[in-house]
Amino acid sequence: MTELGVVGAGAAAATACYVVDGALPDASITVLEKSGGLCGRAATRRRGDVTYDYGANYLKDDDERVLDLIDRFDDGLVEVDGDIHVFDRTETVSEGRDDQERKFTYRTGLTRLAKHLFGATDATVNRRTRVEGVARTADDRWTLTDADGEQWGPFDVLLLNPPAPQTATLVASADWDTAARDYLLDAVRDVDYRTVWTAVLGYPFELDRPYYALVNTDKEHAVGWIAREECKPGHVPDGESVLVVQANHEWSVERYGEAAEENVADLAAHAAAIVGDDRLADPAWTDHQGWRYALPETGLRKGVRDAAEDAGCYVVGDWVDGEARLHAAVRNGLETGQRLVATR
């Protein structure tokens, strides 16, 4: 029997666990997730009748393997209405590309993806369990220690799903003194991230615009992205509007520690100017989230995973391939799970 220990319950880990569970019926899978939710940055919150995805915005139609997977769990799967238009530093809005891909989410939000995947396995998911220690045992297995000092394992295989900087912290402090650890650690530390500070703005009126979202193409505006959550079937009641406004990296880094109400007010004012509706500067309700490790800009160098995987240590996530997209995380989970199965 294969004992698999997993740190983090993001989309990539959920997909890898689904692959392993299906191919190795006798596998025992234990997942330790520091938060109370699933699916990592593909995060969803609810406020009364409103549902909103405040991290990743949708699942992109970009990979047949990913589409085949979500087709197996299409309960509540919906297509986002509308295209993505663009704006520049002068706040001039124009149409985007003609060849826009389909965009998907779930009526209950993107977290449904991980819930479907984990729900189709026999994995035991332990939430609010922060892993702080990793150790390689004398018999070449793995143990994990959480913030309360409890030890988990031993495991035959270890799967690490946190963002690269947090994975690097675990690998750096691991009781695992080999060249494979050092080689992997150096590569993981080289993965760069963009920080994103997000405001969610709710309004008691409908917003009539011909697009689902706006993206800043010249990277010279404080706002990088504005999305209309009401374009997702089942997310926003008729007669209301919800905007998800994501600041660019520089603004987010500079303002990360500032008062949330000031950041929200600033982003609401920007949204009003960009969308062209003064009412948007005064939302009826708001929410916010800072994502310090939001979007990977680089990935792992080729070949750096090989020695670690030979020892049974796998890293998984969109950052491994350097593509900050939910479909990339799912794809990486599929590929990693298949490699893991092939070794068992």
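This is a predicted model: local features need pLDDT of at least 70, side-chain atom pairs count only at pLDDT 80 or more; totals for chains, interfaces and linings use all residues.
## Overall build

The protein chain has 344 residues. Its secondary structure comprises 10 helices and 20 strands.

The C-alpha trace spans about 65 × 40 × 40 Å along its principal axes. The radius of gyration of the protein chain is 21 Å. A compact globule with 344 residues would have a value near 20 Å, so the two agree.

## Burial and contacts

Buried residues account for 55% of the protein chain. Contacts can also be sorted by separation in sequence. Take those between residues at least 6 apart in the protein chain: 73% of them join residues at least 24 apart.

## Helices α4 and α5

Helix α4 covers residues 164–172, and helix α5 covers residues 179–189. Their axes come within 9 Å and cross at roughly 155°. Angles over 145 degrees count as roughly antiparallel, so α4 is roughly antiparallel to α5. The crossing of the two helices is left-handed.

## Where the two helices meet

On the α4 side, the contact involves Ala 164, Thr 167, Ala 168, Val 171 and Ala 172. On the α5 side, the residues are Arg 181, Leu 185, Val 188 and Arg 189. Sorted by class, the contact of α4 with α5 has 6 nonpolar residues, 1 polar residue and 2 charged residues.

Technical notes
Residues are numbered from 1 along each chain as its sequence is written. Side-chain values use heavy atoms; hydrogens and water are left out. Axes are lines fitted to C-alpha atoms, for helices over the stretch in contact, and angles run from 0 to 180 degrees between N-to-C directions. Helices (H or I, at least four residues) and strands (E, at least two) are DSSP runs, numbered from the N terminus. Angles under 35 degrees count as roughly parallel, over 145 as roughly antiparallel, 65 to 115 as roughly perpendicular and the rest as oblique. A crossing is left-handed if the near helix is turned anticlockwise from the far one by less than a right angle, and right-handed if clockwise. Contact means heavy atoms within 4.5 Å. Ala, Val, Leu, Ile, Met, Phe, Trp, Tyr, Cys and Pro count as nonpolar, Asp, Glu, Lys and Arg as charged, and the others, Gly among them, as polar. The radius of gyration is taken over C-alpha atoms; the globule rule is 2.2 Å times the number of residues to the power 0.38. Buried means under 20% relative accessible area, exposed over 50%, partly exposed in between (1.4 Å probe, protein chains only).
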